[in-house]
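Trainee: I have this one open on my screen and would like to go through it with you. Can we start with the ligand and then move on to the charged pairs?

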Amino acid sequence: MKRGSESVSFIGLGYVGLCTAAVLASRGMKIIGVDIDGEKIAKLAKGETPLHEPGLGSMLKSAVKNRRIQFTTDIDRVVEADVTFITVGTPSNQDGSISLTFVKKAAEDVGSAIRGADAYHLVVVKSTVIPGTTTGLVRPVLESSSGKPCGPKLGLCSNPEFLAEGSAITNTLHPDKIVIGANDEKSGDKLVKLYQRIYRARKIPTIITNPTTAETIKYASNAFLATRVSTINTIANICQRLPSGDVETVAKAIGLDPRIGSVYLKAGPGYGGSCFHKDLQAFIAFSRGLDYDPVLLTAVEEVNRRQANEIVKLSRKLLGTLENRRIAVLGLAFKKDTDDVREAASLRVIEELVNNSASVSAYDPMAIENARKVLPQQVELATDSRSCLKGAECCILMTEWDEFRQLKPRAFKTLMRTPNIVDARRIRRQGDFQGFNYLAVGLGATMPPIPVLAAPSK
Ligand code: UDX
């Protein structure tokens, strides 16, 4: 790649690397995207997107077409860039702690690639890493493999991301903050300038601190958000046990208090996704290593794990027993508008249903293929909501897809064997379902006694 305009390389083209690279390319920067997966690189080079994220496909296509972005498996090409972002994965170890193997390898490889180069190179750790990693691991590895100390020729920053799936491009274009953990002033200035070129006149609140504090901010953010979800789910479970309790009204009211705020107060089946559980587990393991047991965070995770049982309990309340009952699960993705089922509450709910010998059919508009790889074989995967509902004695609304909000009550009534609805996301109103038994998370209900129907003959 020709020198002259600023160029940036990314090591690791997962979700974070790709979305950030695409946005930087759209702002006129020259990007080199590196990944060890040759198949992925070949796809990307053709302008094809390996993951589902609104806006990413068109951005990548035009960047490839304009040659603003080049993809390669050759990590030595990072020497052509001025700045390298490390965006490799940080998977979990068996005990929940994170594995830094890929981060370490990336640091080693960047160092080797820039070893003979004379130009200043800034390395930015964007992967989610436990506090202390940039200073305690990346820095010594990088210094040793590059043969130069951090300082005049080598810069180093931590720069966590806060992207949510489904809105990663919008989040990158309009961040609520930028967090920079600078190893020294020159490194911090260089990264601030890079972001100024992206956001131009817009003043994005920028926190400049040391790398360890920056890394902690990422975990604190996810710990706090997950805590809110488990807190509102706890309140929901209490409301549910009150004859006329309603968590939605409670959330609306408390959300008006500016000290609380209204977001992340939606009760549901428990959080899923690739970050909350993984990051909480990593943060818990890390804290224990510091001789501090973060009991609050352990409880947040425990509440989340148990929330699936709360949903299953609602269906048991409607059906009496789950054995041989036909249950339709609408929604498998961990939230709407994604095909991701990682840590999805649907998986925990289905596991519990299957353990109780229920017969489960499931449908998702986008996540069927991913779900197929992880669900027990006996779960029937339907091709649409109607066939999923056919013959069901209870329907659990698991993911808040618009499609499920719009399904006509008549469809439920005509297709289902018995009209029992469990709304795990509060996407429908009780009033929609006249003549149904409708139970919802966080909604107290005085149920008429449900006759226990005979199990369908097989
Ligand atoms: C999250 C963080 O938002 C993001 O900043 C971080 O970088 C990665 O983790 P993501 O996993 O994409 O992003 O999803 P998010 O939209 O935050 O939702 C996480 C889970 O919490 C979902 O299962 C969602 O359904 C659930 N949730 C969220 C609730 O149950 N109630 C809420 O009020 C909000």
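Trainee: How do the residues of the shell around the ligand divide into nonpolar, polar and charged?

Mentor: Keep in mind that this is a predicted model. In the shell around the ligand there are 10 nonpolar residues, two polar ones and six charged ones.

Trainee: And which residues come nearest to the ligand?

Mentor: There are 18 residues around the ligand, and the ones that come nearest are Leu163, Glu165, Tyr264, Lys266 and Arg425.

Trainee: Which helix gives the most to that shell, and which domains does the shell draw on?

Mentor: The helix that gives the most is α8, residues 211-240, which supplies three residues of the shell. As for domains, at least three residues come from domain 1 (7-209), and at least three come from domain 2 (210-458).

Trainee: What about polar atoms, where does the protein meet the ligand's oxygen and nitrogen atoms?

Mentor: From the backbone, an N or O atom of lysine 266 lies 2.8 Å from a nitrogen atom of the ligand, and a polar backbone atom of leucine 265 is 3.3 Å from an oxygen atom of the ligand. Lysine 335 takes part through its side chain, where an N or O atom is 2.8 Å from an oxygen atom of the ligand.

Trainee: How much of the ligand's accessible area does the protein cover?

Mentor: On its own the ligand has 660 Å² of accessible area, and the protein covers 91% of that.

Trainee: OK, switching to salt bridges. How many does the structure hold?

Mentor: There are 29 salt bridges in the structure. In general terms, side chains of opposite charge can pair when their charged atoms come close. One example is glutamate 80 with arginine 77, where the closest N and O atoms are 2.8 Å apart.

Trainee: Are those two, glutamate 80 and arginine 77, buried or exposed?

Mentor: Glutamate 80 is buried, and arginine 77 is buried as well.

Trainee: What about glutamate 143, which residue does its side chain meet in a salt bridge?

Mentor: The partner is arginine 139, at 3.2 Å from N to O. Both residues sit in helix α5 (residues 133-146), where they are four residues apart, or about one turn of the helix. Arginine 139 counts as partly exposed because its relative accessibility is 28%, which falls between the limits of 20% and 50%.

Trainee: And which parts does the pair of aspartate 246 and arginine 426 tie together?

Mentor: These two form a salt bridge with their closest N and O atoms 2.8 Å apart. Aspartate 246 lies in the loop between α8 and α9 (247-255), while arginine 426 lies in the loop between β13 (420-423) and β14 (437-440), so the pair links parts that are 180 residues apart in sequence. With 22% relative accessibility, aspartate 246 counts as partly exposed, whereas arginine 426, at 6%, counts as buried. Elsewhere, salt bridges that share partners join Glu6, Lys190 and Arg197 into one network.

Trainee: Back to arginine 426 for a second, what about its phi?

Mentor: Arginine 426 has a positive phi of about 55 degrees, although it is not a glycine. Aspartate 291 is also a non-glycine residue with a positive phi, in its case about 65 degrees. Aspartate 291 is found in the loop between α10 (276-289) and α11 (295-319), and with a relative accessible area of 73% it is exposed.

Trainee: Now the glutamates in loops. Which backbone nitrogen does the side chain of glutamate 161 reach?

Mentor: The side chain of glutamate 161 reaches the backbone nitrogen of leucine 163 at 2.9 Å. Leucine 163 is also among the residues that come nearest to the ligand. Glutamate 161 itself lies in the loop between β6 (154-158) and α6 (168-173), and at 8% relative accessibility it counts as buried.

Trainee: And glutamate 400, where does that one lie?

Mentor: Glutamate 400 lies in the loop between β12 (394-397) and α15 (402-406), and it is buried, with a relative accessible area of 16%. Its side chain reaches the backbone nitrogen of lysine 336 at 3.5 Å.

Trainee: Last one: is arginine 67 buried or exposed?

Mentor: Arginine 67 counts as exposed, at 59% relative accessibility, and is found in the loop between α3 (56-65) and β3 (69-72).

Methods
Residues are numbered from 1 along each chain as its sequence is written. This is a predicted model: local features need pLDDT of at least 70, side-chain atom pairs count only at pLDDT 80 or more; totals for chains, interfaces and linings use all residues. Side-chain values use heavy atoms; hydrogens and water are left out. A residue is near a molecule or strand if one of its heavy atoms lies within 4 Å of it. A polar contact is a pair of N or O atoms within 3.5 Å; within protein, one must be able to donate a hydrogen and the other to accept it, and residues adjacent in sequence count only if both atoms are side-chain atoms. Accessible areas come from the Shrake-Rupley method with a 1.4 Å probe; for residues, only the protein chains shown count as cover. Helices (H or I, at least four residues) and strands (E, at least two) are DSSP runs, numbered from the N terminus. Ala, Val, Leu, Ile, Met, Phe, Trp, Tyr, Cys and Pro count as nonpolar, Asp, Glu, Lys and Arg as charged, and the others, Gly among them, as polar. Domain bounds come from an automatic or database domain assignment. A salt bridge is a side-chain nitrogen of Lys or Arg within 4 Å of a carboxyl oxygen of Asp or Glu. Buried means under 20% relative accessible area, exposed over 50%, partly exposed in between (1.4 Å probe, protein chains only).
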